[in-house]
Amino acid sequence: MKKLLIILTALAVLVSCSRDSGSGSASDGDVYAVSYIQELSATDYEEAMRLTEEGLRKGRISIFYANILRARMTYLHTEDYNAAAAYMHKALEQEEAKDPAVRTDLLYHLATILKSGKDYTSLLETCTEGKEYANISGDAFYENAFDFMAGNCLFDLGEDESGLEMMRGAISKASSIAKSEQEYGHLIFFEGQLINSLIEIEDYGECLKECGLYEDLVSRMEKKFPKSDPEFYDRDRFYNDVNLAVCQAGLGDMPSAEKFFARACSREYAKKSGGKIRMARYYSVTGDTERLVRLYTEEIPFSGDTVSRLYGQRLARLRTAYEKSGMVSKAREYELRYNDLSEKIIEKEQSEGTLVNAARFDAQRYRLMLYDTMESIRRNRGLIFTVIVLFIIAVALLLLKINNVFSKKIKRYREDADSLRKDLSSIQRQVSVIAVKGMADKKESGSPLQELIERNGLYLDKTLNRETAAGKLGISQSEISNMLAGIQPGLKFPDYIKGLRIQHALELIGENPDIPVAELSERCGFYTVRSLQRAFLSITGMSPRDYAKRLKQQNQAI
């Protein structure tokens, strides 16, 4: 053990020195860090993609991580979902993606991309494959996550009832097994998507019930992970307050709707652009067209990072608001106005050579945790590798020690067991021989029981037992016991009869060594050949065939 400790200490010091000596190049490697490139992509997508390509060429980023990074950035900052999905497929082709747990996570991200791109056929196929790998990796939560995505897909395809039923079932199962902070984040996102679906079909009664479940999930997560970002809980409760207000407005209960909406407006997230965009849903349901138009034109005007993804949503909400207020022609007017504005923005972006950025949601930070973890592992791979090697060596030595101890114990137990079996077999043969000898001695002295049994040949009866013997001899069973005790103390009736039968078998073999074993069994009163062989072996220490063979050899020698 002392040698092992010395080796482990030396390796640890070696790794420490190597890390210190390489610290001078750390700043050079930071530009290729996944976290840095992802942060850069928010403001300069093209530069982030260029750095990814450069890091790949220089060997700073593997093909696996590079394709994941490309897929993430393309998904978040453009609307080219086909390209994002293609990058993710390339990542799935790499060796690292063969691990079931890693593949499960990547397939989940691919499903998210396909949903945004409305590629429902590929989405359903991905959900099926993802659920299989989640099952293989033993991740029950992700199995239900893929069920939810599939249900959400069915809903988008118009299968409202089956889609909602599947989503509810997946949320219910996932809720009972969620443990990590990330899983709770996914769960809250799923519940929010279900609420959005119910609002879309204007099922406000069911939506109110789901809002209650949503609040319960947020409270459970806050209690379980009190150190999480407070802004996360503020945002989720803001979403729920707005959804409650929308549902109450849809049901015609405006006092309750205004109460919930006022509570939503009092939250910090209401001041952010994401919060204001969500508030537009309430104004569209209540038909407050003036507030909705002012929100879009003054508070969250169209810009390069919102026009592409949110344009259709704004038109739909404006149309809903004007229709609620009975101004259908006004909805068309604003549609034309925003079409013109959109074209001007697109022209400006094309002339400046900039790319359109889509809206980004804070909930996506959970999905970024995987890649930050991967980057941390990449940076510290030397130390991690050494720790793993040392751990494997320590475990191997421990296993060898345990195996050596158990091998010795097992060997000793086997030797003891063999010795015990031999002792028991020897004792059994000795007892049987003593019984036969005792019976032979008593035969000479004329045992009453032996005379009765042998004179009548009762021991050759296969069905003979103590009770039938007493009946045939006209004596009681207790008298038989007394007679047995007179022959040999502790001698049992079955052993006594077995001894007589074997004695008869010895006589028959002595007369004819070639007598078949089956005939010998039948003539000596045994039910089967196996019974004869067991009894013969226990008394003589050999089989009937071996005894006959030895007897013939003795006769020939004479």
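Which residues does Arg 317 touch, not counting residues up to four places away in sequence? In this predicted model, the residues in contact with Arg 317 are Ile 277, Ala 280, Arg 281, Ser 284, Leu 292 and Tyr 296. Arg 317 itself belongs to helix H17, which covers residues 307-324. With a relative accessibility of 13%, Arg 317 counts as buried. Gly 287 lies 30 residues away from Arg 317 along the chain, and the C-alpha atoms of the two are separated by 9.3 Å.

The chain as a whole contains 27 helices and 0 strands. Of its 558 residues, 41% are buried. When contacts between residues at least 6 apart in sequence are considered, 63% of them join residues at least 24 apart.

Helix H5, formed by residues 63-77, is 15 residues in length. The distance from its first C-alpha to its last is 21 Å, close to the 21 Å expected at 1.5 Å a residue. H5 is mostly covered, since 13 of its 15 residues are buried.

In the pair made of H13 (residues 230-250) and H15 (residues 273-286), the axes are 9 Å apart and the angle is about 5°. Angles under 35 degrees count as roughly parallel, and H13 is therefore roughly parallel to H15. On the H13 side, the contact is formed by Phe 238, Tyr 239, Val 242, Asn 243, Ala 245, Val 246, Ala 249 and Gly 250. On the H15 side, the residues are Gly 275, Arg 278, Met 279, Arg 281, Tyr 282, Val 285 and Thr 286. Sorted by class, this contact of H13 with H15 comprises 9 nonpolar, 4 polar and 2 charged residues. Arg 281 in H15 meets H13 and is also one of the residues touched by Arg 317.

The second pair consists of H24 (residues 493-511) and H26 (residues 529-540), whose axes come within 10 Å and cross at roughly 90°. An angle of 65 to 115 degrees counts as roughly perpendicular, so H24 is roughly perpendicular to H26. H24 contributes Lys 498, Gly 499, Ile 502, Ala 505, Leu 506 and Ile 509 to the contact, while H26 contributes Leu 532, Ala 535, Phe 536, Ser 538, Ile 539 and Thr 540. The contact of H24 with H26 has 8 nonpolar, 3 polar and 1 charged residues by class.

The cysteines were also considered. A disulfide is a covalent bond between the sulfur atoms of two cysteines. With a cut-off of 2.5 Å between cysteine sulfur atoms, the count comes to 0 disulfides. For Cys 211, the closest cysteine sulfur is that of Cys 207, and at 4.3 Å it is too far for a bond. Both cysteines are buried: the relative accessible area is 0% for Cys 207 and 1% for Cys 211.

Backbone angles were examined in two loops. Most residues other than glycine have a negative phi. Lys 118 is not a glycine, yet its phi is positive, at about 60°. Lys 118 is located in the loop between helix H7 (100-116) and helix H8 (120-136), and its relative accessibility of 58% places it among exposed residues. Glu 202, although not a glycine, likewise has a positive phi of about 60°. The loop holding Glu 202 lies between helix H11 (181-200) and helix H12 (204-224).

Notes:
Residues numbered from 1 in each chain as written. Predicted model: local features only at pLDDT ≥ 70, side-chain atom pairs only at ≥ 80, totals over all residues. Heavy atoms only, no water. Helix = DSSP H or I, 4+ residues; strand = E, 2+ residues; numbered from the N terminus. Expected span 1.5 Å × (residues − 1). Buried < 20%, exposed > 50% of the residue type's maximum accessible area, 1.4 Å probe, protein only. Axes fitted to C-alpha atoms, helices over the stretch in contact; angles between N-to-C directions. Parallel < 35°, antiparallel > 145°, perpendicular 65-115°, else oblique. Contact = heavy atoms within 4.5 Å. Nonpolar A, V, L, I, M, F, W, Y, C, P; charged D, E, K, R; others polar.
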